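Hi,

Here's the structure I said I'd pass along. Have a look first, and my notes on the charged pairs follow below.

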Amino acid sequence: MSTRDLTVPVAAPATPWRQRLGTMVPILVLAPSLAASFIYVFVFTLWTLYLSLSSSSLMPTYGFVGLDNYASLWVNRRWNIAYTNLFLFSGFYIVGSMAIGLLLAILIDQRVRGEAVWRTIFLYPLAVSFIVTGTVWSWLYNPVDGIQAFVRGLGWTDFSFALTANRNTAIYAVIITGIWQSSGFAMALFLAGLRSVDPDLIKAAQIDGASVFRTYRKVILPTIAPIFLAVAVIQIQFAIKTFDLVAALTRGGPGVSTTFPAIYVYDLMFQRGQIGEGAAAAMMMLAALAVVLVPYSVWIVWRRRAEGRNG
Amino acid sequence: MAEIAANARHDPEAAAATRRYFWNRFLVYAVLTLFAVIYLAPLLVVVFNSLREQSEIARNGLISLPRSFRLDAWAEAWGTYCVSGTCEGMKRNFFNSLWMAIPATVISTLLGAMNGYVLSKWRFKGSEVLFNLMLLGVFMPGQISLMPWAFLLGKLGLTNSTYGLVLIHVVQGISFTTLFCRNFYVSIPDDLIKAARIDGAGFWRIFRKIILPLSPPILIVTVIWQFTGIWNEYLFGVVFTSGQQQPITAALVALTAGGTTARAYDVMSAAVLIGALPPLLIYLFGGKYFVRGLTQGAIK
């Protein structure tokens, strides 16, 4: 960071009063946003935390019940399904979209013709809402009208593709759709990373006679390692907050098989009038995020410091 | 990277290398094409179905080339289709989303630009700490804020209104816009600002004459990010609005959830496309700048 402290006046023809006002301007500009962010992040979180410890049911009340809501959350079978789904989904979704994203990025990086066209095709799902994606894919998964019917129509009459109709496989429909939606985003970030690798480094590997594959594996991919982590963290965030996709794709079903924590919170708070337990579930979501984000932030800070030391 | 492949052509062991090069290229394009088909198929399916007759869809399934062509489904989805009691199509919800997304995008982008300017060029004691605190907003799951928002919107009399959603999206968006702009402005040389100050320019003049003219790359990113994010948002829309006040995402779910009656796939397809169109268009026209800007400054 080369930014110097610019609040110290350089040319100061102004009176001390005007000077003081001048130094106040930046803070005054920032103040409303700061206040809003502060309320949004801290006050809202503490508020929900308190609700999660209260006896709130249909309306928020402030009778303190300690960890009761958390206890009843964790003995609930549906919550356990939701949490298991979250792990399952996150794992497959992150690995899948990163693998496909990286593959596409490397392919596009081979100086293909019409690069912009390929990029646009792979990235457009990102512009579309999870609601749209979920709706359309729910039709495609529909055994009567969708892919299964199409393939059977082609002549493969016992072809079966009815993921969303079955409790055990519906989660995979969510995973596949999630990967379809977000692998383009991973591709864009990876591609940017590949382009930022020092060309001299690649030349050196070439001169040493390394193959394309080896150059990627030994030289290029290790240098963009931080991007892997960044993409993973962004994706985990999406995964933990997943709500729209499931709302439009399976609505949590069949049964409760594709319930996610985000769906659970919404259901408890606004459908069943169990605000306290809903708040507890929301706090568990925040906890899941913190488990990922806190170590990541610490690592980022550490890396910046290390870079600072090495110039 | 491709230089490696390109150079293989001039290798002394020419023939084998050329053959290998050809197969490499073939494989590259084959895999890309395969994925392109997978990515484009759902879009094509919806576009076709919005143009086919419902009877044809019922007969041949969702996936097939159109044998009829008409725009009736679009007209119906836009203006006359009945959802939950009213027969106004998606029109009203479309404009709800527009009147929500435009002001929320403009306000949050302006705030983000000013905040980013302060946090990169007018640092004061503790400004880094404040920046990091604002960043936390990026990670907040919406579910945490649902009850507090419900209470606040109730107190402000903004329940079930587009204004309420604008407020939510502005507050939520500040963290993102500030992060994007701040990271971008950091790369503007401080000497430029210093020179302007020696010439007597103040806070606002520097913002207008130096910072804003340099900002288009990041403002495009911020506007695209905010607009598509707000347009596509569903949770707050479905929780805090109902019926005619709903944004288009919530209305789409209501429309497509329509029970067990014969499903009007033609109209629903058109409705889905109406709901997807604004961010798609913005992305098609601005996507190039988006990716460039995103990787230049926003995500580091």
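Let me start with a pair in chain B: B:D190 and B:K121 make a salt bridge, with 2.8 Å between the closest N and O atoms. B:D190 belongs to helix α9 (residues 190–198) of chain B and B:K121 to helix α5 (residues 91–121) of chain B, so this contact ties together parts that are 69 residues apart in sequence. Both B:D190 and B:K121 are buried. Keep in mind that this is a predicted model.

How many salt bridges does the structure hold over all chains? The count comes to twelve. Here are a couple of others from chain B.

B:R70 pairs with B:D72, and their closest N and O atoms sit 3.8 Å apart. Buried or exposed, what is B:R70? Its relative accessibility is 17%, so B:R70 counts as buried, the cut-off being under 20%. B:D72, with a relative accessible area of 46%, is partly exposed.

Then there's B:E128 with B:R123, a side-chain salt bridge at 3.7 Å, N to O. B:R123 is buried, its relative accessible area being 12%, whereas B:E128 is partly exposed at 32% relative accessibility.

Over in chain A, which residues are joined into one network by salt bridges that share partners? They are A:D109, A:E115, A:R119 and A:R195.

As for the background to all these contacts, side chains of opposite charge can pair when their charged atoms come close.

Cheers

Terms used: Residues are numbered from 1 along each chain as its sequence is written. Chains are lettered from A and ligands numbered from 1 in the order in which they are written. This is a predicted model: local features need pLDDT of at least 70, side-chain atom pairs count only at pLDDT 80 or more; totals for chains, interfaces and linings use all residues. Side-chain values use heavy atoms; hydrogens and water are left out. A salt bridge is a side-chain nitrogen of Lys or Arg within 4 Å of a carboxyl oxygen of Asp or Glu. Buried means under 20% relative accessible area, exposed over 50%, partly exposed in between (1.4 Å probe, protein chains only). Helices (H or I, at least four residues) and strands (E, at least two) are DSSP runs, numbered from the N terminus.
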